[in-house]
Amino acid sequence: MLHWTIYISFFGVVVLTLLQRDNARAARIVALLTALAGFAVALIGTVQSGAGVNTFCDFGWVSTLGIHYYLAADGSSLTLVLLTGLAAVAGILFSWNIEHRAKEFFAFYLALIGGVYGVFLSFDLFLLFVFYELAIIPKYFLIAIWGSTRKEYGAMKLALYSFVGSAMVLIGIVAAYVVAGAKTTGLFELAKYPFPERFQCWAFPLVFVGFAILAGLWPFHTWAPTGHVAAPTAASMLLAGVVMKLGAYGALRVAMTLFPLGLKGWHGAIAVLAVVGIVYGAMVALTQKDLKFVIGYSSVSHMGFVLLGLMTLNDIGLSGAVLQMFSHGVIAGLLFAVVGRMVYDRTHTRELDALEEMRLGRALPFAAVTFVIASVASMGLPGFSGFVAELQVLIGAWHSFPTLTLCAGAGILVSVAYTLRVLQKAFLGEAHKSAENSRSRPESQLPPISVPERIGALILVSATLLIGLYPRLLLDLIVPSWNSPLFDGLRKAGAL
């Protein structure tokens, strides 16, 4: 049933293309109904799924090459499919003000969502790569057409980094396919094949880094803050919420399962890069003057926890990594929604000094409260999903890299510092009596928060609270997935 999330999304794209060009209201309604239908299917399909890998369809696609149209899901896939559904609905609600070429905007948006669903449900290597590339193209147009702040530069930089990573992945995939006898691209079959250790030692870093570029792995992270700042609100939410997760998911699903011997040789080095990303992203966020850049660099830092969790090679760390993907997707999406839609679209500035003069805590109380909740969730306050996810990653990392775990903990402390700084300057500060203050926009003139924005914020806040208070809802899905035959190679290599 879950595979209908893909078809519903692309069907929405077809319907949008048939609408009149100037009918923005109809485009918004079609996009919202499509996203709601996809999320409903994802929710029902997750509830109905049993333990292990659930297959939805499997038939020959390019039979001469052994390529199958094979869609399935395990616990990790189910978690990220749910995240995609949540992010899709919330992103449309926060884009309810789109008037310029609304039909095209939502068509690209739903095409991106359909591609993301496809990646998370593909268990054929070639099919996964096709959906992965389908998700890259709409990102470029969403940013280049509807973005701001050097939007062409941000869109091109993101596209170039993405295609370089894709080229690396493609080389590794083709090499694995040929070495395995050029008979199949099925993940289960390739995961069973005993690739030579020398081959794995270069294939693993090639494929892992190729995917991890999209996950913001340091030092290949520079596209992320630039892309986040240039993107419109909904695209920022998707970029941080689900697109960065494509990279982490691909690294787990492909590189780690196919090349376990290569993983054993490289996991220490990648763990170091992950921790550098955690600390570096937090430190740079602490110095930013643009509110959206703060959130952009904080995403780099939080994605470092995902990559660190993957490198722990134990159940608790891996489970924490997947849970962190979900948690960061929800919380980062909420933060970008507040900054981009609630604040920037009303004040036309993201400069912290300028926002401090506007007393947004009084002018936009709903935005202020929402940002406070999202910020403390991002810091890892108990009761929110970020606490459970980062705690599991740190516990798993302590078993594998005690010293690196201490450094990662230092990154959390820095995240508290930049979060409190942003809260004070953007929302809780008092205006200074100066000539500059007299020129600041009167708070009474700021438009109120709309109903769609309030609903979108409540959806995301509820999600992070629900998983924070009762994490078993997702952990009961995630933990059994490590018993899948896909991870037999890791277990045999002693890496899991």
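This is a predicted model: local features need pLDDT of at least 70, side-chain atom pairs count only at pLDDT 80 or more; totals for chains, interfaces and linings use all residues.
Residues are numbered from 1 along each chain as its sequence is written, and side-chain values use heavy atoms, without hydrogens and water. Local features need pLDDT of at least 70 and side-chain atom pairs 80 or more, while totals for chains, interfaces and linings use all residues.

Visitor: How far apart are the end C-alpha atoms of helix H16?
Guide: Helices are DSSP runs (H or I, at least four residues), numbered from the N terminus. The expected span is 1.5 Å times one less than the number of residues. For the 15 residues of H16 (365–379) that gives 21 Å, and the end C-alpha atoms agree, being apart by 21 Å.

Visitor: Is Lys425 buried or exposed?
Guide: Lys425 lies in helix H18. Its relative accessible area is 16%, so Lys425 counts as buried.

Visitor: Which residue's side chain is joined to that of Lys425 by a polar contact of 3.0 Å?
Guide: A polar contact is a pair of N or O atoms within 3.5 Å; within protein, one must be able to donate a hydrogen and the other to accept it, and residues adjacent in sequence count only if both atoms are side-chain atoms. At 3.0 Å, the partner of Lys425 is Asp353.

Visitor: Is Leu469 buried or exposed?
Guide: Leu469 is found in helix H20. With 65% relative accessibility, Leu469 is exposed.

Key
Helices (H or I, at least four residues) and strands (E, at least two) are DSSP runs, numbered from the N terminus. Buried means under 20% relative accessible area, exposed over 50%, partly exposed in between (1.4 Å probe, protein chains only).
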